[in-house]
Amino acid sequence: MTIITLKLLGICSMVWDHFSCIFPLPLLLPGLRPPFSHLLPYFGRLAAPIFLYTLVSGFRHTGSRKRYAGRLLAFAALSQPPYWLFFCGEARRYGQPLPSFGETGCNILFTLFLGLVMLELVERLRYSNPAAAALAAAACMLLARALDLEGREGYLLILLTLYFLTDGKKRPRWLELLLLLLAAVLGRWRLLLLAAEAGMRSTVLLNTLGPFLGLALAFFACSGKKGSCSRRLQWGMYLFYPLHLLALGLAGLMLPPM
């Protein structure tokens, strides 16, 4: 599987995850029965790990990290109003008060931008000054939490794990799987802790196994080759993120509460 194919799979997963927030499965497919009703949400959990993996791949292979970072930051800013609108649509569908613009946090493209900065700092410092590299990574994670970026420090921890696992060194398969599982668990530790305390076992499993499957799929099934991609497709994938959030947010605001 090429990077482009993996990105397209991630986009499909993301759309399904967001679509089901506005059009929940029980309403969309009322006749759906277990195990399918339990398995379909897992597809939506593949998206974030896939995008984190493709960021690490892009960091290693892009011709210009500055231009890559610039694209991420520009589309992050462009996507923030639709991101807020999406949460407004979701809140209306569930009969909840609409969030203010600052209550929804920052979209995942901001997280990817900060992750790219973190990887650049780590790569520059890891050999000459490992302690400084660790401090730089920790500072980026604290900043992700302070700015309320999507995934916060958990997504940056996953990025670090993928960065070290894709350094070309040979490792036993069981060790790679273990590190990916640990990254999946630690990447969502706050959510998992809250869900476990509330006795929500299905939520714990969904947010542990789902991201782990996404990481394992990206890490083991992707060839690392970019694949064929025109500039139109490349920019189209960037534009699709704010456009699908805008469409789903408007749909949620126009539909009556459930």
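## Helix 6 against helix 8

In this predicted model, Ile108, Thr111, Leu114, Gly115, Met118, Leu119, Val122 and Glu123 of helix 6 are in contact (heavy atoms within 4.5 Å) with Arg152, Tyr155, Leu156, Leu159, Leu160, Tyr163 and Phe164 of helix 8. By class, this contact of helix 6 with helix 8 has eleven nonpolar, two polar and two charged residues, where Ala, Val, Leu, Ile, Met, Phe, Trp, Tyr, Cys and Pro count as nonpolar, Asp, Glu, Lys and Arg as charged, and the others, Gly among them, as polar.

The axes of helix 6 (residues 108–125) and helix 8 (residues 152–165), which are lines fitted to C-alpha atoms over the stretch in contact, come within 10 Å and cross at roughly 45°. That angle makes helix 6 oblique to helix 8, since angles under 35 degrees count as roughly parallel, over 145 as roughly antiparallel, 65 to 115 as roughly perpendicular and the rest as oblique.

Met118 touches Ala137, Cys140, Leu156, Leu159 and Leu160, leaving aside residues up to four places away in sequence.

## Helix 5 against helix 12

Helix 5 (residues 65–93) and helix 12 (residues 231–254) pack at an angle of about 15°, and their axes are 6 Å apart. The two helices, helix 5 and helix 12, are therefore roughly parallel to each other. Their contact divides into 19 nonpolar, five polar and three charged residues.

## Basis of the values

Residues are numbered from 1 along each chain as its sequence is written, and side-chain values use heavy atoms, with hydrogens and water left out. Local features need pLDDT of at least 70 and side-chain atom pairs count only at pLDDT 80 or more, whereas totals for chains, interfaces and linings use all residues.

Terms used:
Axes fitted to C-alpha atoms, helices over the stretch in contact; angles between N-to-C directions. Helix = DSSP H or I, 4+ residues; strand = E, 2+ residues; numbered from the N terminus.
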